[in-house]
Amino acid sequence: MNETLLTILEVIFMPVVAFVIGLFMVLMMRKLAARLQRRVGPPLMQPFYDVIKLYGKQTQISHGLIHDIGIIMAVGGYVAAESLLPVPGMDGIADKGGIVMLAYLTMIPSLGLALGVGQCANPNGSIGISRALTSMLAYDIPYIIVIFGVAYHFGSTNLIDIIDTQQAGGVATWGISEMPVLAIAGLFALHASLGKQPFEIYIAPAEIATGPMVEMGGKYLGGLFVMQSFQLYTASVLYVSLFLGGGENWITFLLKCFAVLAIPIIIAYLFPRYRTEDLVRLVWKWPVMLALIGVAFVMT
Amino acid sequence: MNSIVLNIALPLLVAFLLPLIHASSRIAARITGPLVLMVMMWSAVIVFKALEYPVSIALGGFLPPVGVSFHLDQLALLMATIIPLLMLLLWPYQYEQNLREQTVLLLLAAASSGLALSGDLFNIYVFYELISVASFGLAAANRQASSFAAAFRYLLISGLGTVLALTGIALIYTQTGTLNLAQLGLLSSRLDNPLGLSAFALILLGIGVKAEIFPLNGWVAEVYSTASTRTSALLAGLVSKLAVLAIVRILVVAYDDSEAGLMLLVFGVLGIIWGEFSAWRAQDLKRMFAYSSIGQLGMILLAFSIPGEAGMFAGIAMMLHHLVVKPALFLLTEKWNHGTDSLRGAARLSPLAAALFVLFALSLIGVPPLPGFWAKMLLMSGLVGMDTSVYYIALAVLMIATVVEAQYLIRIAVTLYSASDRSSELRLASNTGVMSLFAVVLLSALLTLTPLGSKLYHIAAESSNRALYIRTTFNVNPTPVLEHKNATQEASL
Amino acid sequence: MSEADSQKLNVLLQGIEGLQLTQFNQRRLRADISPEALPALLALLRGRAGYVHLSAISCVDWIAEDEFELVYHLYSYETKILISAHIRIARDPGVYLSVFDIFTPAAFFERDIHEMYGVYFEGSPDMSKFILTEWQGPPPMRKDFDSEQWVMDTFNWQDYHPDWLQDIEQKGGGIVRTPESRRGEE
Amino acid sequence: MNFLDGLLILSLLSVIVTGFAQKLRSAGWLSSVLLGLQCLLLMGMAGLAYGSPAVSSSFSVSVLGQPLHWQFNALSWFFALITLASALASSVYAAGAWGEDYRLQGGNPGLLQFALNLNVFAMLLLLASGDLLSLFVGWELVSWASLLMMVLAGGAAGRFGLRYIVYATAGAMAVMTGLVMIFQLTGSFQFADFAAIAPSLSNAQVVTFTLLFVFGFGVKMGLLPFHLWQADAYAETPGPGAAFLGAISSRMGLFAMLILVIQLIGLGRLINIEVPYSFFSLRDVLMWVAAFTIIFPTFTAMRQNDARLLLAWHGIGQGGYMLMGLLMVNPLGSAGGLMHVFNYASYQAVLFLVVTAVIYRTRTADLNQLGGLVTRMPLSFLMMLICIIGLAGIPPMNGFVSKWLIYRSLIVEGMPLLFVASVVGTLGTILSVYKLIHNTFLGQLRLEHEQIREVPWSMMIPMLILSAVVFITGFLPGIVLDWVASAQAALGIPVLEHTLGGVESPSGNLDMIWICSVLFGGFAVGALVFYSGNKSRRVHQLDNYAGGHFLTADDRYHYSNNFYAGLMHHIGHWYRGTFQWLESSLGSAISLLSAATQMLFNSFHPALFLLLAATLSLLFFAG
Amino acid sequence: MTQNELEKIEISTQPKRTNPLANVFDDLVRFCRSRSMFMLHYCTGCGAIELPPAMTSRFDMERLGIQPMVTPRQADILLITGYVSIKTLKRVILTYEQMGSPKYVIGICSCTVNGGMYWQSYATAKKLDEYLPVDLYIAGCMPRPEAVMEGMQQLMQKIKTGEADSWKKYYSHYDYYLGNQQQLFGNNWQTPTDIIGEAESYQLMGPQTLGEHTKILQQVQKPLEPLEMKL
């Protein structure tokens, strides 16, 4: 019983931590972008300001119940997903799901968003969703191969086991040193999954007016900001858990997470945007090839 | 036993007397024909029932191999029963101007019975000729230019076939000095040489004209589509089977274990391909059934080409099935004798006819649990049992042919049941009386599948037993028929 | 314009009555013609002389003469010469024939001129509003439409007169002449 | 007289009764009641799913010396449950308002109910088959009964039904050949006899049997490349009929394949047979067939513009998952495959019913003619949402659990490419089901649809119950896994250890109870955060940002056509229609051959043939 | 009613709440609003060209939390960067109404003040604040980026102190704005946004929300009730 209670407490606490770290990840992203463009960039608390302001908007425009529910699903799905990601000291319900579960659970927010956007009846939004799903189809293939390789390598889909194995053996047994090719492919997939340049086809402000977000204002947009911070957190923590041995303690954990995230972001802001078909072509070619080579190495 | 001769003599006699009877009393003339057929049936059934083992009857007291002999076994009597039965079903009751046709039909009945029963080659030839004559008459009976033309073509090829058959018989005679089948069976070693086989080939081709063997079936589509539906039904249902039966008799008794069976196989396979594929494109129901019947005959030949009881069993089953189904389907075309497209919506006007069509079509395709399925199953089982590549090829052809068959038959069914664009077309209202009877036969066969199956197996076992045939003819003390090996296992298929 | 070109054109156009050709330079010709003869001229130029491009139709409002001047600019890619055919039509009722049947692009120019000047072109496919979909007043490019007056009647002005501006004005700078006062001077 | 006898007799009786009661107005309800009674009888045998021994019928028939008998084991029970439940749902759905409407449209709802009962009877007979012969009889009955269902609608349906029957006959012929070969080997049609000699079969024989049965039964399942008939035929079937056929009919092929290939021949044999010149075993080949069956139809579905076609194409694709799972040796995979049969039936039935509901209200299933119906048919939307989540295999619905089992087993077995293939299929499914729900329920509501209402309760209740099943068995997969485990035991393959919430295994657990609770907890948090903001105000759909453009009700700005335009720029030219091409060239070849044969008949005098044949055969024998 | 009269009307700002915690919360929200301004630059004229320098490395608006946004739903500030033709004005109003409150309008360039160099054109609107409540004008032809930044900071200050609430004026004096709009666009003028309904549902009705012009609107408008879910 006590254990269950502890689990429940962890499940409550983990999303909060994730949210805070995620906001700082957003900040880091914007700061890095600014530095790359030789700007000063936003102040430290800028992500908080944005979220609070959006929730504090006085008129909120809804296109119907599904519009609301979509946002709830988008946020709620990630809140749930965070409890499947072990962090130092907290395992949550990671042993009840595993990576395959996580990979599919993180689709729920996207689905929720897609539903909400659909109800908005804005063609730009629909186009955005169609592109978002297309890019998901593109990056999920290398991503899932990487997950397969890692799960096969460690003989488990349980993230706790995977992290434990890596931590027990030190850096030499980290995923990245045992499966470098997969790690590269994973980073590529991670980058694509973030929806940043050059893969931001579904945001494309100048083309389709930020696609899914076109009708989102106030707390709706606020929900999406929250979702974005969760997304950055989830992606980086998952990568750290798979390849960088998870977190021994909070300091190394955060260091690793932010470092992992910094790489795609730095690359992102040096690029313009691909077209949809070029994105699909690119992602199905290089990362998939790398991931398959990586899996071949893992399996032999 | 000897009363079976009545089956040949009576109709022959009445056929000649019929004009006289007609002259005296129209009513008497009308009932004479059916009456004769009933008598025939009755006599055949009596004999069939009394028959415990095959019997050979020598006419006129001359013993075989010199005399004209009849060979009475279960297969022969079965056919002898079926002939009058089928004719009764297809008898032209309602026609006024049908004296000539009735005469010819009675002639056909006599000849058919004779062919089924006779035990020597010469008799077979004679009765076959009689059948030919009768069928020419039938083919031309509806007195239209097109049917005359068709009948003429038929006559031509049939005559040519007769010549070939006669040549074959002559060849055999030169080889063996006898035409009695049992005697031939004793001397079969003399026939297992190129000359003997050539003789068989010639007979096969000659008689094969009636049996719709490929490639001698060019007349089929034309005759069937121009002659009256009853004639078509009779020719397709009965005459072709009798011709096959004659060939099978020769094959079993005189050409056991020779390459002759292979020839049957080749003709059978080619017939399946040609028949079914031609039917696939046919635009007219009658023509489609005609082609389909070529394919079916191919299947029957294929079945008979399998040596031993399995083949005989499959062949007889297929034959009887086709005998029931094909005439029924031909009867359907009596009203539905136009392009298949014009049948749209016919099911609404005559639901029973459409339902019967579906029933027969399904049985023909071989859908369980309808009888056609079991027949086809026996055939396939026999083919697989041979375990030879030639037979596997035949099996593959059979499979493809079945698919093609299913396609064209169900196409018609779908057309029948699809919505009609015209309000009503009375001519599509079909007469289903006789057809229903056939359906009853089919369904009762379905219900009595188990006893029927074992009965047919016995018939097959008996008729595929060459030694028994020979013994029956020459030995007055026949041994009991049922002496086959491990009866339970093999009895089934 | 080469001698040959000129010759050709003269031969071609000799049948047209009242045509007056003026050459400005190598590349430009002015043709003054009566409104009745214009379609014939355009058809000839297009069909026989290779002037396939109607680059614009322009309109001038000669209010003093009570006439509109329509100018059809035709260009030939072969001789590289621009011919401007000028006609004058009466301002009232301001109706002329469409040349849409000769040059398809004319529809666009005619619609524009109709909107801006109120000239009606008979036979033009579409004479509905084009740019000024919100405009309810008279055709705004006509000389008798006083745009400034209309603005004065329609719009208000910012009441913006801060102290620093008043200072400047006292020193004789700034905008001392209001639009109204300027109008009086003219 | 046991429950099985009762069930079969009642089923036959239902066929007869509904056959005669076609014209009755209450035929639908009558049929529903009869089906409900059958369900009760089936429940009487529920012990089968929890370890009771198999039930044999007390009657048997003997044909040509071969006994035919019928029996039920856990596997049959499992499939029968799905069959009867989906039939009952379809029947109730068709009995009420839909049936009335169907009658007004010129259809015959009584005939539909009859066809439904006939199909159920045929399927029960197949599921109960106790030997190869009864299996084949049941198989053919199922084939032809579903033809009846397919051609009910008339028109194009007839054409598609015809196409189906060509495939089905070809399959049946293959099966029959296989059976006859077995008979020649064993001399009987008993399962046990074949199982006894199966280990001693030569590799060539195993390959022959496997190919024959996989082809024969695979046709019905829509395995590649024999899948072309299915989508069109199902799409043209009247709604509830399509729901029933889509849910379970194709799975009969899987059932038969299970019995023959997995139970009797055994996967062990297939794994040991190497395909020459490759790394593949025969099993791998079949798994790749399954993988392609997942991918190609799923991506074909993505391009459909008709909701029914889209669903029908998915039905083909989902069959691939089942086969793939069942071809796996470990219990995870086979449990996943079996469970997927159940899960798939539950949501596919609802999806077809929802689409039918949409058609009932709007008279169209064209995805370019709909949109925005969520405000008018919110419950239908909810049903569809639940079920597309299931179809796409996303938690927390049941579709996820079965797919998870399959993924896990692929990881455990170390099959990366197949794993990728199955995931690609899932992704494709997500894309196309979003298109489905978006184009029908989301987006702009058309002017002509402003006045429509939710469908009546007679149609709603079956959908509600089935989608509740979709959700509950996702939340508590143990319920179904119990049955699946018994079915595995009945098949004689390893049994999956499971809990109520999912699977416990050392290399990764699944506990759906926790996951779902946390997920809904997460939604609660999301809702809390959301509703802590200011109250939002609903606006009209025309109050929409379109770059400053004024939208009017006449503007159709719903983005629906060529929904994945960007993706299609890349993969559009991969759709070559190769299978269509193959099919039509085969058709042309037959047509050509047929023309040639006819020509041969028509252009020469038969006497010529006679002489030719005589000469040839004389030459043959003389030479 | 003239502009002068309009200026004099006191907007009923929300009274300071007595609960100190609530006050802190309100202050926090206002502060966040001032530090997070998403601007929709509706690039109407030449002025838009001055925004890229203001956004990029030379002046870096993001320092102040100002970000460009592309749809009105997401934006807080409507920047009107040049002359507004009558046709454009319609779209500007539509866009403004689609923004979520609190929202602010900045008129950049002289054209938005008084028509600028197009003062005598029949085709451009002259005084922007007759049609929309403008919080801030940045005059100049065109104003330099420094001026834009200065203006932005002034607006931030106004938001922080709670002075910038012109958006409420639009609700509470809708009749006035609508009247001016109708004068230009005719009596059939209607935007897809139901301002009166919004004002009602957010308790932003003022003394002049309704009037003679809204009466005309209510007569001619096509109904815009949201599509309610129906069971």
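Strand pairing first: I count two strands as paired if DSSP finds at least two bridges between them. Strands themselves are DSSP runs (E, at least two residues), as are helices (H or I, at least four), numbered from the N terminus.

Housekeeping: this is a predicted model, where local features need pLDDT of at least 70 and side-chain atom pairs count only at pLDDT 80 or more, while totals for chains, interfaces and linings use all residues. Residues are numbered from 1 along each chain as its sequence is written, with chains lettered from A and ligands numbered from 1 in the order in which they are written.

Chain C, strand β2. I looked up what sits on either side of β2(C), residues 28-32. C:Leu29 and C:Ala31 are on the covered face, and C:Arg28, C:Arg30 and C:Asp32 are on the uncovered one.

Its neighbours. β1(C), residues 20-25, runs antiparallel to β2(C) with five bridges, and the two make a hairpin with two residues between them. I found C:Leu21 bridged to C:Ala31 of β2(C). β5(C), residues 82-90, is joined to β2(C) by five bridges too, but runs parallel. There, C:His86 stands opposite C:Asp32.

Confidence. The predictor gives the complex ipTM 0.82 and pTM 0.87. For chain E I noted a mean pLDDT (the predictor's confidence in each residue, from 0 to 100) of 83, with 92% of residues at 70 or more.

Chains E and D. I took residues as in contact if their C-beta atoms, placed from the backbone, lie within 7 Å. Chain E puts in 19 residues and chain D 18. On the chain E side, α4 (86-98) and α9 (195-201) each supply at least two, and α4(E) has the largest share, four residues.

How values were computed: Buried ≥ 20, exposed ≤ 12 C-beta atoms within 10 Å, placed from the backbone. Contact = placed C-beta atoms within 7 Å.
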